[in-house]
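Good morning, colleagues. Please take a moment to look at the sequence and the model before I comment on them.

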Amino acid sequence: MPVQCDSLAAVRQMVMEAPEFDPEFSVEIGWARTYQNVFAHEFEVVNHASGLLDSIAETGRILLLGAGGGAKTAQLTRIAKKSVDRREFPVPVFLKNWSSKHYDLWKTLRNYSQKIDFLLMSFAPSAIGIGDLERLPPGTPRLLLIDGLNEVTENVGNEVLDAVDDYIRYSPRTWAVVSDRFVRRQLRTPERWRLALVLPLSEREVARHVKKIVGERAWENLSETERNILRSPYFLDGFLKYKEIRNTKAAELEQFLIERDGLTSQEIDEVARAAFQEYRSHTRSFSIGSFEEIAGVEPTRRLRTSGSLAVEADGTAHFDHHLKHDYLVSRYVVKSPQRWDRAHFRTMTFNGSSFDTVALAIEQLGSREEKDLFVRALYDWNLYAAGNALAAGRTQQFSPEMSTVVHAMFAERRWDIFIKSAIAATDILHVIDTTLARSLVAANGLEDVLQIIARQAGDANWFRRWKALYTSPIGSEADDLDLSGLVEEDSVVGWTTSNVLRRKILTEEQQISLRNHLNEHGSAIVRWRVAHVLGRFATQQNAEALARGLNDPAPEVKYGCTRSLVEVAARSHGELAPFAFESLARAADVLARHPEVVDEFRRVLMVQAEDAPPKWTRLVLPSISAFQQATVNYKSRQDWDRTLEELVDRYGY
Amino acid sequence: MADLEGKKGRAAIAILTITIEEFEIVQGLFGLEENIAHTPYFAKRGRKSPFDVVARRCTSQTNAVSHRTAGEIIEDFFPEFLIVVGTAGGCQGRDNVALGDVVVADYIEYAGYWKFKAGQMLERKVPFDQPSLYLHQNYIERLRVQPHEWRRHISIARPEPGDPTLRVGSIISGDILMGDAENEFQQQVIGHFDKALAVEMEAYGVARATFESRTAVHYNPQFLVIRGVCDYVNADAAGNQQDRVRWTRYAVSCAGSVAIALSELLAARSKPSWRKRLSDWIGGKS
C-alpha cells in the first residue's frame, strides 16, 4: 500500500532538514536499567551517543536523561536522521510547544491511543496522526522521538510516559525515545525501559573545540569553573560563537540578553516579570500578546529580532532555549525575598518538577548568608528543592552549617518506613555528591548517620544547638523541652524536633499533650509536625487522633495525618490497620478534594517490606476501593490500578 | 491477519496461568519444557520463533497484574490466540455447576469501579474485549458436545467419582478475593450478576489488554478464558478452603485439557506453516 501521504513525506523532509550543532560535539551516554544506578552513576556501559539506536529493538523504549543545555534535543535530531537512513519512520514530537490550552485538552483524553494521536497532531513538525502511521507497511519500523518531557508538569509528564509505554506495547515494530530532565519517574514497566544519561562533555572534548576555534591561549586562560560550565554543549556552543564566558551560567545567560538581545538591566527585569507570569500556567509556550503587555513592546521586538523569542503564526511564542526562560524566571524570584514563598517556588519549578531555576537563582545571590536564607525558604516549602539547591557542586556556595543540615535531613530519610521517601532521599544525596553525602549514603543505619553528623564542624550558635538536638541518642526519653521545639517558628528546628521525637521514648502524658496540640494548636504547620510524630507511636488513641485530623481544615494536616495513619497501620503489625484504613475510607470523599493528599496516600502505601504486616495488600484494599469511588474518573482509575499492581508486586495478594 | 513479530518473536498460541501449581500442570500437559532464554516464557524443547505455543504465568493474582502480563505477551509475540487457563470459584446452585467442571467464559462481568450511592450500585464502565466468538462457535461448542475429546487429556485423578462437564457461561472478574458466603460485598456482587457461573480475578485484565491491542487492522487476537471449578464462592469459608485443597489440581488439569484439545483443533485448520508444526507436535511427530 502506498504510504507517502503529504504529511508523512513532510515529516520525513523536516527531519532531514533539522539543524544540528556546528561543530558537532562528541557526546557520551551512560546506560543503566534502574534510576538507582543512574543516580549512583553505576552504568552498564558508557558509549558514544551515535550508538543510541543500536539497542532500541531490545525493549523498544529509551528514556534519554540529562541536564538542561546538555544537548538532548540535538541527540534526538541525530537519531531521527540516522533512523531515516535505516529506512525507518521517525516522528519528532516537541513538547516545548505545549501551552495552557493543551492541559485542558489533555484532561479530556481517555486512553493511550487518543493521547498519542493528540501528541502527534499537536507537536509533530507536520500534523500526522496514529492513522497515518498505521498506513505504513507493517514491516516499517516507526520511531517516536518525544522531546522535553520536563516541559510539562510532573503529572502530565508521567501520563505521557504511560501513553507511550502502552503505544509501544501494542504497536508492532514501534519504538520510542523520550528525553527528560534528570529526575526519577514512576515507570509502569521499568524493566521495559532503558535509561540513557547524557553525560557532560569530557574536558578533553571541550579543550579540543576551544583550542581549535578560539585558540590555545583561550583554553589556558579559562578557570576551573569556566571549564566546567563549558562541559554543557549549550554554553560551549555559545563560547565558540561569541568567544566570551562568565563564571556562572546565570551570568552567561544575562550577558547574552544584554549583548545579543540588546536589553538593559531594567528591561531584563521587566522581561523577567513577563517570563514569570507566563510560567504560572506551567508551560513554556505563551501568547506573545500577553508577554508583550508586561515586557514592553521594544524589548519584545528585540528578543524576536535576535531570535531569542520564537513566535508562531498563531501568536504562540517560546524562548529558543528553555534555559533563557528559566534564567528570567529565577531572576524575577530571586530579586526580592518577599517572593521566596510557596506560591512563587511552585510556579518557578513547575510544581516541584524542574529545579534548573533553583540552580540559576542561587547563582544570582551574592553572599552565603543570602544563599542560606534562600535555601531555608526552599526547605520551608519542599525539602527536595533544598536538596537540589546543593546539587552539582553548589555546596561550597552555602555555609558549611546549612549544608550539613540539608545533608542530615536527607540522611535520616533513608531509613523512612515509606519506600519512596527513602529512595528519593538517597537520590538527592547522590546528586549532592559531596564527601559528606557519600559517607551518608554508605552509612549502615541511623546510628551511623548521627555519628557522622556529630563530627561535622560549625561555629554558628544555632548550628551547635541544632546539632545537639539532631544527634540526641536514639531511644532516650524525651523531656518537655524537646517537645517545645515542635512549636518553634524556625522550620529547621521545628522539623528536626519532629523527626527527633520519633526516635525517642514518649510518655503517655507527652503523647496526650501532642494529641491536644493536633486537635487545638493554632498553627497548621505545628499540627502537621505533631501528626508526623504521632505516626511513630502506634496506639489506638493516637490512631483516633490522627483519624480526626483527616478532617482538619488545613490540607497539610490532612496530608500529615494520612501518612501517619498508614504508618500506624504498618507499625502496629496490622492490628490497627482495619481502624486506620476504615478511617481513611470514611474520609475518602473529603480527602479526594486534595489531589496532593491522594497522591501521597498512594505513595505511602508502599512501606518497607520488613514493616509491612502479612496480607498488607488485602488490609489496604477497602480504603483503595473507597478512594476509587470518591475519585471516579479515567485518570484516577488508572492511578489506582497502578497502585494495586504495585502493592501486589511488592507484597503479594 | 499479518504475521506480526513481537519483541521476542512470533507465536500462534499464548497461554497464561496464574499460580505456580496451575502453570506446572499446564506446562506438563503441553510439554512446554524449555525456557526461552532471558524471558519468563516456556516453549516446546528446541523450538525457535515462530513458536507454536508459548506459556507464562502472572507473578500474582489480580486483574492489574494480569492486564500487565497479557500486555507483555502481546508486545513480545503478537499471538493469534491468547488463552487464560486456571481455576475459579463456582457459583453453587447455578446451571448445576459442580467441582471439577470447566467453565469457558462467553461473557466477562467486571466487578469493580462501582459507585455506591443511596443504596444503589452504579457501575462505571470500562471498555474491554469479550471472549472470542470464533473460538466458541467453531471449537468450544464441539468440545462441549463431545467431551471425550478433552477428557482424555486429564492427567490427575478425580477426588470423587464422576465426570467433569464443560459449561459455557458468564464469569465475574473482580479485584477482591471471594470465598466467604457471609461477606456483604460478595453477596452484592454475586446477586447483581445473577447468571454468572464462576468468579475469578484475572480475566478482566486480559480482556482489557486484548481490547487495548486493537488499534490496527493488522492485529485481531482471539482470547478465551478456561477455568476449572475448584471451590464454591458461596459456601462457608471453611468448607471453601477444604474444597480448594482437594480439587485445585484436578480442576486445573480439566481446564488444561480443554485448552490442549482446543489447540489440536486449531492445528488441524488449513494452514500456515505453524499450524502444521503444531499438528505434528500434538500428533507426536516432533
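Confidence is lowest in helix 1 of chain A (residues 6-17), with a mean of 76, and highest in helix 31 of chain A (residues 540-549), at 98. Chain A as a whole averages 91, and 99% of its residues score at least 70. Helices (H or I, at least four residues) and strands (E, at least two) are DSSP runs, numbered from the N terminus.

Two remarks on conventions. This is a predicted model, in which local features need pLDDT of at least 70 and side-chain atom pairs count only at pLDDT 80 or more, while totals for chains, interfaces and linings use all residues. Residues are numbered from 1 along each chain as its sequence is written, chains are lettered from A and ligands numbered from 1 in the order in which they are written.

I turn to the interface. Contact, meaning C-beta atoms placed from the backbone and lying within 7 Å, links 23 residues of chain A with 26 residues of chain B. On the chain A side, helix 7 (130-134), helix 8 (154-170), helix 36 (616-630) and helix 37 (634-651) each supply at least two residues. Helix 37 of chain A gives the most, with 6 residues.

Finally, a sheet. In chain A, 3 strands form an open antiparallel sheet in the order 8-10-9, where pairing requires at least two DSSP bridges between two strands. Strand 8 (286-287) and strand 9 (309-311) of chain A are the edge strands. Strand 8 is joined to strand 10 (residues 316-319) of chain A by 2 bridges, and S287(A) stands opposite T316(A).

Definitions and conventions. pLDDT is the predictor's confidence in each residue, from 0 to 100. Two residues are in contact if their C-beta atoms, placed from the backbone, lie within 7 Å.
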